[in-house]
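Subject: Structure handover and notes

Dear colleague,

I am passing on the structure we spoke about, and I would be grateful if you could look through it alongside the notes that follow.

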Amino acid sequence: LIGYNADVSMKYALQQRSAPGWIEVLEKIFSAVFVVEIAIRLAILRDIFFIGLDWKWNVFDLLIVTVSTVADVTGFMGDWSRLFRTFRCCRVLRAVHGQQFLTSLRLMMGCLLHS
C-alpha cells in the first residue's frame, strides 16, 4: 500500500492534481489495524514488550504507530511532513523483519514434515 500510495500520489502531483480520497481512507484503516495490533501485543506481553528479545522492534513499532496516529488524529503535518512520511515508510522495515521470521518458520515446518 505504501508503494502504491507513493506511485499514485507522484502521478497526481506531476499532473498538479490531488490524489484520490480513497487512498487516505485506506491509510487510516491500516493505521487503525496497527493501533489494535500494538494494543493487543501490549496487553498480552506487558513488561516483556519492553524487555523481551524483540524489545527494539516493539519500541520501533510503538513509535511508528504513535507518530502515525498523532498525525492522523490531529491532521498536523506542517514542517514535519517528511518525518511523518518517513516513519510511515519505516513500516516496510518491520514487514521485512517479519518476512525473515516467516522464512525461518517455513524452513522449520519443511524439516518437520520431511523428517
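Helices are taken here as DSSP runs of H or I with at least four residues, and they are numbered from the N terminus. Please keep in mind throughout that this is a predicted model.

I begin with the charged side chains. A search of the whole structure finds two salt bridges, and together they link Glu-37, Arg-41 and Asp-61 in a network. In one of these pairs, the side chains of Glu-37 and Arg-41 meet with an N to O distance of 2.9 Å; because these residues are four apart in helix α2, about one helical turn separates them. In the other, Asp-61 pairs with Arg-41, and the closest N and O atoms are 3.1 Å apart. Asp-61 belongs to helix α4 whereas Arg-41 belongs to helix α2, so this pair ties together parts that are 20 residues apart in sequence.

How buried or exposed are the members of this network? With buried taken as under 20% relative accessible area and exposed as over 50%, Arg-41 counts as buried because its relative accessibility is 15%, and Asp-61 is likewise buried, with a value of 7%. Glu-37, with a relative accessible area of 34%, is partly exposed.

Leaving aside residues up to four places away in sequence, Val-65 touches Phe-34, Val-35 and Ile-38. Val-65 and Val-33, which are 32 residues apart in sequence, have C-alpha atoms that are 9.9 Å apart in space.

Finally, I would draw your attention to the surface, where Val-36, Ile-40, Ile-44, Leu-45, Ile-48, Phe-50, Ile-51, Trp-55 and Val-59 form a nonpolar patch whose accessible area comes to about 860 Å² together. Helices α2 (21-45), α3 (48-51) and α4 (55-74) each supply at least two residues of this patch, and the largest share, four residues, comes from α2. Ile-48, one of the patch residues, is found in helix α3.

With kind regards

Definitions and conventions. Residues are numbered from 1 along each chain as its sequence is written. This is a predicted model: local features need pLDDT of at least 70, side-chain atom pairs count only at pLDDT 80 or more; totals for chains, interfaces and linings use all residues. Side-chain values use heavy atoms; hydrogens and water are left out. Patches are made of residues with over 30% relative accessible area and no salt bridge: like charges are joined within 9 Å, nonpolar side chains (Val, Leu, Ile, Met, Phe, Trp, Tyr) within 5 Å. Accessible areas come from the Shrake-Rupley method with a 1.4 Å probe; for residues, only the protein chains shown count as cover. A salt bridge is a side-chain nitrogen of Lys or Arg within 4 Å of a carboxyl oxygen of Asp or Glu. Contact means heavy atoms within 4.5 Å. Buried means under 20% relative accessible area, exposed over 50%, partly exposed in between (1.4 Å probe, protein chains only).
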